[in-house]
Amino acid sequence: MVGSNRLSSRLVLLYLPLALFTIFLLFPFYWMLIISLKPNNLLLNMKINPLYLTQFTLDHYRYLLSNTDFPRWALNTAIVTFGATFLSLTSSILMGYALGRFRFRGGNVAGTAIFLAYLIPPTLLFIPLSQVVARFGLYNTYWALIFTYPTFLIPFASWLLMGYFRTIPRELEECAMIDGASRFQAMWRIILPLALPGVLSAGIFSFTLSWNEFLYALVFMGSGEMKTIPVGTVSDLIRADLFQWGPLMAAAMLGSVPVAIAYMFFVDQYVSGLTAGAVKG
Amino acid sequence: MAQVIYDHVTKRFDGVIAVNDLTLEVKDGEFLVLVGPSGCGKTTALRCLAGLEEVSSGDIIIGDRVVTHIPPKDRDIAMVFQNYALYPHMTVYENMAFGLKLRKMPKQEIDRRVKEVAEMLGIQDLLNRKPRQLSGGQRQRVALGRAIVREPQVFLMDEPLSNLDAKLRVQTRGELIKLQRRLGVTTIYVTHDQVEAMTMGHRIAVMNQGVLQQLDTPENLYDHPANLFVATFIGSPAMNIFPARVVTGEGAVRLVAGDVTLESPAEQRGRLAEYANREVLVGIRPEDLIVQPGQVGEDRHLRLPVEIVEPLGSETLVHLRGPVGTLIAKADPHVHFSPGELASVRVKIEHLHAFDPQTELALF
């Protein structure tokens, strides 16, 4: 549109709403950050403005890392997250490919059934699952979560990937198969590199959900040293009605760092489409 | 290099018959064009040969090997797709080398072959580019190069020129013909464009509704179509078709359409006499109607009013109000016709075609 590039109109139409939105979204992080850095005596002091720091301390972080099991929780969370993400991603790639590419009897029914499974709330599913976990003797082991997280990760990830695989022209792998590739080679060397944005999206989705998951972690792996960050934070840093706000917020900060890093690294891949130029267009 | 045989091949999709009992033999080194309207089964037939579709019944033979149940990768064929299907994450070089690498060919040999073919196609400067950095014509060449570099027994081409603009298409068509004659590789080429079919193929297989209609050289297909479908599909503008009654008597056989009477070609009298007092479908190609403006010429010429005049530059198409429907005639572009006037038309009787109205098979 003529004139719409003028600075003033861009300011009102673009930057101002963006700025407001950004402030709205980032405020909780800011709040977490300043509380985690405030000395205890100022935390509940109503006489000073709570929105900025007058004094600053790393005591809460020090306390969190040395006086609690936080490092162990972080390790537990990482093991479970990577395990569950890897398992879910592998299964979802294979399932998404099969559902997206092959026409077979019951294919559509299977696809719908998998999606319906996603709609069962974890708050119901954990009851039968706890029986399964107990019978297999997995209670309070990493496997308890690595095997149960895929129940909500695979349905979504495989649907996402199924849609992505369908956007990749079928001729590409047909051509590869005529060129001498087996179906698996065609998938591995042609389709998967092109589906990378989809795979990364599914990976980040799985990573984030596993990292933040609370209910299953509490029920299946909630005792002793085996806690994850969300469970450990709540069970050890809230003593009855006493909230240790400083360490709580420090734990929340440290806990959200890996997710933020995961997003930052892959955001370009996440957004970009790689299929340009494959076929005419 | 090898011959290709379709032996009673049928392909069904959920009850729809895409290819119906196709039997076809492609000779070693031949350029065979499969042509037909969309949905006629030509692409399915090609995909069956590639191994991308499993045949429902029948056998496919490449060389002296029955490949009916052999996966595509082991059929030793190369295919050029309509949309080129270049691997977008690989450079031109990698695209061309892909098939060779899968066959574990030594690096130097791959390099030699890719460069040789690239030079042949004039794409040696593009080897480090990605497909998205190429124009349509360049992509088409890379797709072709990727097939050639494999040195397969058979080339399969699925409308490889249809995404090019008109000028480039004509140019590439010529290059493709030269290339195929030079490499001598058996080629099966699918197109819906009858001009491509006529100009490129040693022989043409015309398909309709999954059934092979006729397999012949371009000349024979044009001059001796086997049935009504082939007669009207090949040739542009299409052959004029109109019903006429066969009338015998006084030692002559005549074709009567409306108020027009045509003498039967002398050598076809016997064949036509079988249809005495019945209708046949008469066909005449636009160039076999000789038109002149005005009422010139001999008495036996037809006088038909001109409806529309289409000057195409190299020729002029004259639409005439015939005894039954419109007739289209090709005329000298330098002769002027005006709509509404009468034109004098001479029918080249010796080039008449006639078809049985029920079976639509050619009588002659």
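Residues are numbered from 1 along each chain as its sequence is written, and chains are lettered from A, ligands numbered from 1, in the order in which they are written. In this predicted model, local features need pLDDT of at least 70, side-chain atom pairs count only at pLDDT 80 or more, and totals for chains, interfaces and linings use all residues; side-chain values use heavy atoms, with hydrogens and water left out.

**View 1. Chain B as a whole.**
Chain B holds nine helices and 20 strands. Helices (H or I, at least four residues) and strands (E, at least two) are DSSP runs, numbered from the N terminus. The C-alpha atoms fill a box of roughly 80 × 45 × 35 Å along the principal axes. Of the 364 residues in chain B, 52% are buried. Here buried means under 20% relative accessible area, exposed over 50%, and partly exposed in between (1.4 Å probe, protein chains only). Take the contacts in chain B between residues at least 6 apart in sequence: 65% of them join residues at least 24 apart. Contact means heavy atoms within 4.5 Å.

**View 2. The interface of chain B and chain A.**
The size of an interface is often given as the accessible area lost when the parts come together. Chain B and chain A bury about 2,400 Å² between them, with 62% of it on carbon and sulfur atoms. Buried area is the accessible area (1.4 Å probe) that two parts lose on being put together, summed over both. Chain B brings 27 residues into contact with 25 residues of chain A. The rule finds three salt bridges across this interface. A salt bridge puts a side-chain nitrogen of Lys or Arg within 4 Å of a carboxyl oxygen of Asp or Glu. Glu174(A) and Arg47(B) meet in a salt bridge through their side chains, at 2.7 Å, N to O. On the side of chain B that touches chain A, at least two residues each come from helix 1 (42-50), strand 6 (77-80), helix 2 (92-102) and helix 4 (136-148). That side divides into 15 nonpolar, four polar and eight charged residues. Ala, Val, Leu, Ile, Met, Phe, Trp, Tyr, Cys and Pro count as nonpolar, Asp, Glu, Lys and Arg as charged, and the others, Gly among them, as polar.

**View 3. Arg150(B) and its surroundings.**
Arg150(B) sits in the loop between helix 4 and strand 7 (154-158) of chain B. Arg150(B) counts as buried because its relative accessibility is 6%. Its side chain reaches the backbone oxygen of Ile77(B) at 2.7 Å. Leaving out residues up to four places away in sequence, Arg150(B) touches residues of chain A and chain B, including Ile178(A), Asp179(A), Asp76(B), Ile77(B) and Arg113(B).

**View 4. The two domains of chain A.**
Domain 1 spans 7-57 and domain 2 spans 64-271 in the domain assignment of chain A. Domain bounds come from an automatic or database domain assignment. The C-alpha centres of these domains of chain A lie 32 Å apart. Six residues from domain 1 and seven residues from domain 2 make the contact. The two domains of chain A bury about 590 Å² between them, 88% of it on carbon and sulfur atoms. Met32(A), Ile35(A) and Ser36(A) of domain 1 lose the most area to domain 2, together 63% of what that side buries. Helix 1 (residues 7-37) of chain A gives the most to the domain 1 side, with five residues. The domain 1 side divides into five nonpolar, one polar and no charged residues.

**View 5. The two domains of chain B.**
Chain B is assigned domain 1 (4-233) and domain 2 (240-355). Their C-alpha centres lie 40 Å apart. The contact takes eight residues from domain 1 of chain B and six residues from domain 2 of chain B. Together these domains bury about 600 Å², 62% of it on carbon and sulfur atoms. Tyr222(B), Leu228(B) and Ala231(B) supply 71% of the area that domain 1 buries against domain 2, more than any other three residues. The rule finds zero salt bridges here, but two residue pairs in polar contact (both at pLDDT 80 or more). Helix 7 (218-223) and helix 8 (228-233) of chain B are the elements that give two or more residues to the domain 1 side.

Notes. Polar contact = N/O pair within 3.5 Å; in protein donor to acceptor, adjacent residues only side chain to side chain.
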